[in-house]
Structures are given as structure tokens and as C-alpha cells.
Amino acid sequence: MIKGKAHVFGDDVNTDVIIPARYLNTFDPDVLGQHAMEGIDPDFSSKVRKGDVIVAGSNFGCGSSREHAPIAIKACGISAVVASSFARIFYRNAINIGLPALICENAGGIEQGDEVEIDMDSGTLRDVTGDRTYGFRPLPDLLLEILEDGGLLEHTIRKMRD
Amino acid sequence: METRVFPKDGMTITEKLLAWSSRRERAEPGEIVESGLDLVLVNDVTGPMAIDRFRRIGVEQVFDPDRIALVQDHYAPNKDIKSAEQCKALRDFSREMGIENFWEIGRCGIEHVLLPESGLVQPGMTIIGADSHTCTYGAFGAFSTGVGSTEAAVSMASGRCWFRVPESQLHTVDGALPELVTSKDVILTIIGRMGVDGATYKAMEFTGEAVDRMTLDSRATMCNMAIEAGAKNGVVAPDERTLEYVSGRVDEPIVVENLQSDEDCSYESRFDYDADEMEPVVALPPLPSNVVPAREVEDVTIDQAFLGSCTNGKLEDLELAARVIDGEKVDPGVRMIVIPATWQIYGDALEGGYLETFLDAGACVSCPTCGPCLGGHMGVLAAGERCISSTNRNFVGRMGSPDSEVYLASPATVAASALTGRITDPRSIR
């Protein structure tokens, strides 16, 4: 169960605002985490506490293939991104680094700062503050397995060992 | 000589490419297939992370050193100490693994122009790259898409990658493009119609009389920007022009049979465009889909004009821009930056006299790099500055300060705007 505050964003949140390219000369998660979402909100990383989630509109993560984007989001403490749709490379990268990316078409009622709870097993997103429950598309088994292993790398290492 | 015979069974070209590389008879949209890869690309931004992940997997060797390409282009030549470490990581890995597809500064260039130029991209191939503009290679009849570093690392070890077979959209551009209207204007017009997520997860197949007449460089510009509509891949069926391009660069090109969409294949949707009606366009910040005719925004003044990138840093782009400049001077209030995409192009542009035209006009000609396109180096924007750019993205802060603005346009429009100091339809000054 993921529990935390919702940080709400709109449509077409792109990789240039998630982690501007001037920080791409490193892949240290701690450094990237400090600059997460800097292109939209320069103070974002200082506002996040472990367990918080991003709730966004359509086409989240559009733009570049930089895996630095989901890494920055995860490293600053965000535990899941919920969006009505994702750009495909970001989606794949998020799963591959162990950041749940959840497709929920109708979570528009969630407001900035609402307390939310995500239950991956039942595929539900509960807005505790707004007292509403939303369903999201459950992840396919392979992707759940990758997430449970902590990412594609860990998944691959485990598969090779087994 | 290798021959690849593709099935003829009511499939689109994208479905055929994925069916072939996953050793299946058919590939249906929505199916998950696991493909063998002809090429895995990483660059100096995504490569060091991929190499780190590769080492953690614990295998000794890459699946095939000849099918891996390591390109230093984003922050190369080394922008700072951290970038130097990133480029060195590629260099060291190339030596350790015996990877010959690593090019030293002076022989290098922007990956998506360099790899086709080097003969590494051929029709019938399945390619992944840890760079979103890897979709460019569809112009040469390949299935090609962008992935992240971890995915590239696992593929460098296994030579394989899984894909969800995309639904295909058919974009038909019939007619003939008017003078000074380019394939950049065509793809921007298409993205303007589709929106930045109008093709998410899908294949964009380009066809029609205007596409048939395009050079491979022009087709590459179109497929390059398929990602800006969210597409998984862009693709053009290979033809005589493709064969001519490849056979000039490869001793024994792969022979492909039936590599075009079957007449009875299924498209998810079809879109038709009339090339004769097209005109020079500009994508206003902050999205590549905010497309308007250039003539409608001629009151917008600019501080910088950038000609370069994987989208439009090719020889024909430089040739066109030089033709528009034609002995005139860059506006005193504008800095024009020209970056040929590869050293081969640099040399050809020198020989063709284009670089002299730029220098005489008062433009800055720099060495091949992605540099300014991503706000990396060699042309970063200050707060409040505006740039007209032949690149592919105009998101907030893309080329520098979050308070700067990027307007996307063709090489002709960039050159015309550099001369006047404001956004200019190139036809108006000719």
C-alpha cells in the first residue's frame, strides 16, 4: 500500500521539465532527485515526502528517452505516478527502474495536497481527503513482476540466477 | 549476401518488420513479441548509465560488438569535466568490448545522421536506441524505436527486446511541395493536426507522391519527429531511392522482399494531406503541435537562429539555408548558429561553398554536436530570449532558461528569419 500526498500536474508534462538536460551529465539519483520537476516547480523536491504520488493528466513524460526522468521522480521520494495516459518511453522507463506508472483516466477530482492511498493489488486509488475511490488499470503480470523485483535490471539478474 | 523475405499476409510494413525479427509468421497489433536486434545504440547521455547497468547484470561480453553503436554527441566535444567522464565511459567500453562503432571527435557526429551515413542502418532491420529520436531510421525501411538506458543495457547483453506491436496510422501526402516548403513543414503540419499525443504507442507510416519524391534525408526528418506526436516508430517503405542510398554505403546490402504494406492490411486510421497546399510553418512554444503558418507570426522578433540537429543538420538543409541567405547578412541583432550534423557533412558543406556563405553572412559555424538543441552547450538561451530553430522540441526550457522561447521551423525559414531578425516566411524574401 502506497500512502502520501498528491502533487497534481496537468497534461503533456515533458521530460525537459521533469529533469532539464543541463543535469544529464550525471546519473546519480541523489543529484537528479534534487532537481525533479524543476522546470515546472523549482522547489518541488523539497516539498515531497516519501510515499507521495504525482497525479497528472494525459501524455505524462512525453519527449526524450532519458531514464533520468523517472529516476529523478523516484529519487525525490515519489512512490507512484498516476496519469490519464503516459508517453510510451517514459512508461517503459518508469517500470524498468521500479517506479509504478498507473493509468487512471478519471482521477481529475484529486486536488493538490489531498491524502491518497494506492492499493496495487486491487487496482484502486483512494482520495482520503476528497473521500472518493478511483480504479486504475491493473498492470500486466510481467510488469508487476519487474516492479516487485525492483526494476528490469534486478529482474534480469534474478531470472539469470533462477 | 543476406536476403530477408517478409511475409505477404495482410500486414503493414511495421507488422512485417516485427514479425520477421521475432521469427513469427504474423504480428498483430496489441501482441507482445520478442525481437532479435540488428543494432543497439547509446549516446553520451544514456550510454554511461547503460554501461553501469550492463556491468551489474554480470555478463562478460556484449551479444555482438558489431551490432552496438556508441555515439558521443550530446555533450561532445566534452563540455565540462562531468561530460568528459561520460564520453570517456563510452570510449573505455568500446575498447574493452571491441566495439568498432565508436567514433572519435573529428570523425563523429549526431547519432541519427551518423549511423545511416555510416551504412549501419538498412531496410528490414529492427533497431533500438537509448534516444527518443531513434525513430528516425524508419525512413530507411527499418523498425526503430527509442528506449531507456536500462532497457538498452539488457539488450546489449541479450541482443533482444520485447515490443507491443503497434497499431498503424497511414499518413498520405500526395501532390508536390511548393518551392521553399520542406519535409520539416510537412511533418510539423502533420503534428499540428495530430497533437503531441495523437499517435502515442502507434506506428506512423508515411506515403504518397510527395514522400516518394523526397530524398532519404527529407524522409529522415519526417520519421525523426514521429516521436513528437507520441509515435513508437515512423516508417517509409523502402524504394529505389533507399536502395541507392544504402548501396553507396554498404558493400553487400541486405536484400529485402515484400517489404511494404500489403494492400489488404489494416490501418487503425488514415490521414490525407495535399502537398500543393502546404506552406512554411512554425511551431510556437511550448509544444511541437502549436503549428501556424510562418506568415502569420512575422511580428515575432528573434535573438538566435539555430540551424542544426538530428532533424535538420544534414547537407541538403545547409544547402537550402545557404541558398536562402544568398550573399545577404544576418540581422545585426541576431546570432545565427550553424552546426553540420556530422564531419562528413561539414566537409561536403565546405566543398559546396555553404560554410563560406554562412561565414560571409556573419553566422557562427560550430563543430558537430547536439549541443544547443537540448540546451546543452554552444548556444544556450538566456531568460527572455527567443530562438527560431530547425530542431525538434520547443518545450519550456528546452534550449536554456525556462523563460526563453523556441520556435520550430524548416532550415529555409530559420535562414530567412536570421536575415530579417523576425520570423519570416522564406518565400517573402526571394
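**Exercise 1. The sheet of chain A**

In what order do the 7 strands of the open sheet in chain A lie, and what is their pairing?

*Solution.* The model is predicted: local features require pLDDT of at least 70, side-chain atom pairs count only at pLDDT 80 or more, and totals for chains, interfaces and linings use all residues. Residues are numbered from 1 along each chain as its sequence is written, while chains are lettered from A and ligands numbered from 1 in the order in which they are written.

Step 1. Helices (H or I, at least four residues) and strands (E, at least two) are DSSP runs, numbered from the N terminus. Chain A contains 7 helices and 7 strands, arranged along the sequence as β-α-α-α-β-α-β-α-β-β-β-β-α-α.

Step 2. Two strands pair if DSSP finds at least two bridges between them. The strands of chain A lie in the order β4-β3-β2-β1-β5-β6-β7, with mixed pairing. At the edges stand β4 (101-103) and β7 (132-135) of chain A; each has a single partner strand, so one side of each is left without a neighbour in the sheet. From one strand to the next, the twist averages 30°; angles run from 0 to 180 degrees between the N-to-C directions of axes, which are lines fitted to C-alpha atoms, for helices over the stretch in contact.

Step 3. Strand β1 (residues 2-8) and strand β5 (residues 115-119) of chain A run antiparallel and are joined by 4 bridges. Within β5(A), E117(A) is the bridge partner of K3(A).

**Exercise 2. The dimensions of the two chains**

Step 1. Chain B holds 14 helices and 19 strands. The C-alpha atoms of chain B fill a box of roughly 60 × 50 × 40 Å along the principal axes.

Step 2. A residue is buried if 20 or more other C-beta atoms lie within 10 Å of its own, exposed if 12 or fewer, and partly exposed in between, with C-beta atoms placed from the backbone. Of the 162 residues of chain A, 54% count as buried; of the 430 residues in chain B, 61% do.

**Exercise 3. Two residues of chain B**

*Solution.* Step 1. L39(B) lies in strand β3 (residues 39-43) of chain B.

Step 1. Two residues are in contact if their C-beta atoms, placed from the backbone, lie within 7 Å.

Step 2. P402(B) is in the loop between β18 (386-389) and β19 (405-408) of chain B.

**Exercise 4. Domains and chain interface**

Describe how the domains of chain B meet, and how chain B meets chain A.

*Solution.* Step 1. By an automatic or database domain assignment, chain B is divided into domain 1 (7-273) and domain 2 (282-429). Their centres, taken over C-alpha atoms, are separated by 25 Å.

Step 1. In domain 1 of chain B, 34 residues are in contact with 33 residues of domain 2 of chain B. On the domain 1 side, α4 (111-117), α6 (183-194) and α8 (216-224) of chain B are the elements that give two or more residues. The most come from α6(B), with 6 residues.

Step 2. Between the chains, 40 residues of chain B are in contact with 33 residues of chain A. The elements of chain B that give two or more residues to this side are α2 (47-57), α3 (81-97) and α5 (149-158).
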